[in-house]
Amino acid sequence: MKEAKEQPDLLKQKALIFIVLLGIVSLLADMTYEGARSITGPYLAILGSSALVVGLVAGLGELLGYSLRLISGYLTDRTRKYWALTILGYAVNLLAVPLLALAGSWQQS
């Protein structure tokens, strides 16, 4: 009878560890994303873009970001593949921000 009680406690402990680890992943992803977003203007200027281009790229980036949130939310509701889209989102963030370092001109970023 004691084993039956230990199993739910173990599941609760594993669930808590999972939630804390996912929170840490989310924190690190947000730090990376927000850090990259905050240097977009100066980085584009270093690559030779004008203020107009910086404004357009920043605005277009915001538009695309919100559009992707709308689309991914709809897809998630329709497919019920919550974890697949969550992992895909973190993977895109993991790859996209470091790839900015490879841009040789503002047109490539």
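## Reading the model

Helices here are DSSP runs of H or I with at least four residues, numbered from the N terminus. This is a predicted model, where local features need pLDDT of at least 70 and side-chain atom pairs count only at pLDDT 80 or more, while totals for chains, interfaces and linings use all residues. Residues are numbered from 1 along each chain as its sequence is written, and side-chain values use heavy atoms, leaving out hydrogens and water.

## The largest pocket

Let's start with the lining of the largest pocket: α1 (2-38), α2 (40-46), α3 and α4 each supply at least two of its residues. The top contributor is α3, with 13 residues. By type, the lining splits into 21 nonpolar, ten polar and four charged residues; Ala, Val, Leu, Ile, Met, Phe, Trp, Tyr, Cys and Pro count as nonpolar, Asp, Glu, Lys and Arg as charged, and the others, Gly among them, as polar.

## Asparagine 93

Asparagine 93 sits in helix α4. Is it buried or exposed? With a relative accessible area of 14%, asparagine 93 is buried (buried is under 20%, exposed over 50%, partly exposed in between, using a 1.4 Å probe and protein chains only).

Leaving aside residues up to four places away in sequence, asparagine 93 touches Ala29, Thr32, Tyr33 and Pro98, where contact means heavy atoms within 4.5 Å.

## Arginine 80

Now for the loop between α3 (51-79) and α4 (82-99), where you'll find arginine 80. Arginine 80 counts as exposed because its relative accessibility is 55%. Its phi is near 60°, a positive value in a residue other than glycine.
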